[in-house]
Amino acid sequence: MDEMRPSSGAAAHGLASLFPPGLQAIYSECRRLYPDQPNPLQVTAIVKYWLGGPDPLDYISMYRNVGCPAQDVQEHWHYVSFGLSDLYGDNRVHEFTGQDGPSGFGFELTFRLKREAGETAPPTWPAELMQGLARYVFQSENTFCSGDHVSWHSPLDNSESRIQHMLLTEDPQMQPVQTPFGLITFLQIVGVCTEELQAAQQWNGQGILDLLRGVHVAGGPWLITDMRRGETIFDIDPHLQQERVDKGIETDGSNLSGVSAKCSWDDLSRPPEDEDDSRSICIGSQPRRLSDKDTEQIREALRKGLEINSKAVLPPITGQRQNHERPQQSVGHLQSQQTSRSRKDSLESESSAAIVPHELVRTRQLESVHLKFNQESGTLIPLCLRGRLLHGRHFTYKSITGDTAITFVSTGVEGAFATEEHPYAAHGPWLQILLTEEFVERMLEDLQDLNAEETKLPKEYCWPDRKLKISILPDAVFDSPLQ
């Protein structure tokens with residue numbers, strides 16, 4: 001539980017030695033922006049996370065920002081988190097790894113909320129929103145990057161607002177801070193409508209952020225969230241969808257290389273009770289999980305998918321551990337997997353290596369497969385096909401209810417174990433499906449009704465000549481851990 005109180009302001013009175021260096025560094029950056037607010041209101045975790053409390057953020061400071069009329073920036077409340085970075089340097093929360101890398105997770109969150117007329121104090125609900133995102137980061141050890149998006153599926157302030165999702169971008173005022181425990185950057189949460197989130201998924205987050213900056217009521221230059229905004233940027237300027245987003249998708253494709261989702265797959269070329277079935281391959285009584293090496297390759301595949309200007313490559317399976325960018329997993333519901341980093345493998349089960357030695361897992365060519373998605377995941381299939389495969393890229397669904405992974409690859413992707421001769425191939429619970437451009441165009445035509453507002457479930461799409469079936473199923477179907 002949190003409490004709201006004024007911060008002590010001790011550092012502002014020359015008592016910096018009382019402050020841990022990481023905390024002091026963030027306070028100093030805040031004082032640079034707000035020299036007249038040495039004691040901002042602050043939401044504080046009553047029981048700190050490192051003492052067993054539920055909230056990872058020790059503090060969230062709340063400042064009154066007067067805006068910048070010359071830049072058409074309105075007055076607003078500015079929220080800054082303390083705790084995703086290493087505040088203390090003594091391993092109580094984050095492992096200290098030196099000052100050359102990131103501090104803790106390498107970033108803190110900020111949020112800018114429009115100040116309503118007559119408001120004398122900042123609303124505190126953004127603090128809980130930030131704590132929710134921080135809990136996800138601490139639990140998954142996946143981090144956020146600018147351009148990422150979060151499907152929240154609920155008004156951010158629990159009202160009736162249309163602002164129900166988030167994009168993330170660099171804070172326009174706060175500069176990166178170097179501390180004795182590493183570097184801290186500041187990522188700003190930007191509230192968006194469903195239609196804007198979908199456009200970010202279909203194209204890219206940075207493109208939509210640029211459009212929001214150009215529309216005053218939708219955020220303006222500093223991307224200030226207005227929870228009372230009732231129109232999307234496409235309602236305000238209908239030309240944006242066709243002239244910017246649609247053309248961007250056609251030219252650039254999508255930089256969304258995968259999602260954490262409710263999904264599963266079956267090998268229809270043999271009975272499901274076969275001991276090698278993808279859903280429940282067992283050694284002893286333990287279900288098979290993704291091996292370290294498969295996890296590394298999936299992670300690398302997602303990272304490579306973002307390298308828009310290079311040829312799409314699935315790297316060979318390797319046991320070498322590298323510190324590359326990793327994909328995110330779900331926050332609340334479906335979440336993007338873009339350029340985020342992680343201090344552990346985000347697709348990995350901690351016991352995976354112990355359950356199945358990698359050398360016991362063979363790559364299998366399958367004759368016929370059945371793919372299963374919940375409705376939200378299914379609506380992204382056209383994005384996968386049009387925005388990724390038609391641009392020579394790949395797209396991965398990683399199950400949030402198990403270790404299953406499904407990667408769609410185009411013929412232009414090198415290093416895949418699915419080939420044109422054997423388009424369906426599995427390595428343990430990881431399935432790859434290679435689709436030709438001709439088949440992708442055919443699927444897009446057949447899947448036109450997939451995004452209909454009222455879709456009766458279950459719904460099936462079959463291509464008997466290709467021995468492929470896709471089912472869109474209710475969420476409840478995926479409750480079983482073996483799905």
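A residue is called buried here when its relative accessible area is under 20%, exposed when that area is over 50%, and partly exposed in between. The model is a predicted one, and by this criterion buried residues make up 56% of the 483 residues in the protein. The accessible surface comes to about 20100 Å², of which 48% belongs to carbon and sulfur atoms. The secondary structure consists of 11 helices and 22 strands, and among the contacts between residues at least 6 apart in sequence, 70% join residues that are at least 24 apart.

The charged side chains come next, with a count of 19 salt bridges for the model. One of them joins arginine 112 to aspartate 171, with the closest N and O atoms 2.8 Å apart. The two partners belong to distant parts of the chain, since arginine 112 sits in strand 5 while aspartate 171 sits in the loop between strand 7 (165-170) and strand 8, 59 residues apart. Are these two residues buried or exposed? Both arginine 112 and aspartate 171 are buried.

A further salt bridge is formed by arginine 162 and glutamate 195, whose closest N and O atoms are 3.1 Å apart. Arginine 162 lies in the loop between strand 6 (149-151) and strand 7, whereas glutamate 195 lies in helix 3 (residues 194-202), so the pair ties together parts that are 33 residues apart in sequence. Arginine 162 has a relative accessible area of 30% and is therefore partly exposed, and glutamate 195, at 34% relative accessibility, also counts as partly exposed.

The side chains of glutamate 128 and arginine 135 likewise meet in a salt bridge, at 2.5 Å from N to O. With a relative accessible area of 40%, glutamate 128 is partly exposed. This pair belongs to a network of salt bridges that links Asp55, Glu128 and Arg135.

Note on methods: Residues are numbered from 1 along each chain as its sequence is written. This is a predicted model: local features need pLDDT of at least 70, side-chain atom pairs count only at pLDDT 80 or more; totals for chains, interfaces and linings use all residues. Side-chain values use heavy atoms; hydrogens and water are left out. A salt bridge is a side-chain nitrogen of Lys or Arg within 4 Å of a carboxyl oxygen of Asp or Glu. Helices (H or I, at least four residues) and strands (E, at least two) are DSSP runs, numbered from the N terminus. Buried means under 20% relative accessible area, exposed over 50%, partly exposed in between (1.4 Å probe, protein chains only). Contact means heavy atoms within 4.5 Å. Accessible areas come from the Shrake-Rupley method with a 1.4 Å probe; for residues, only the protein chains shown count as cover.
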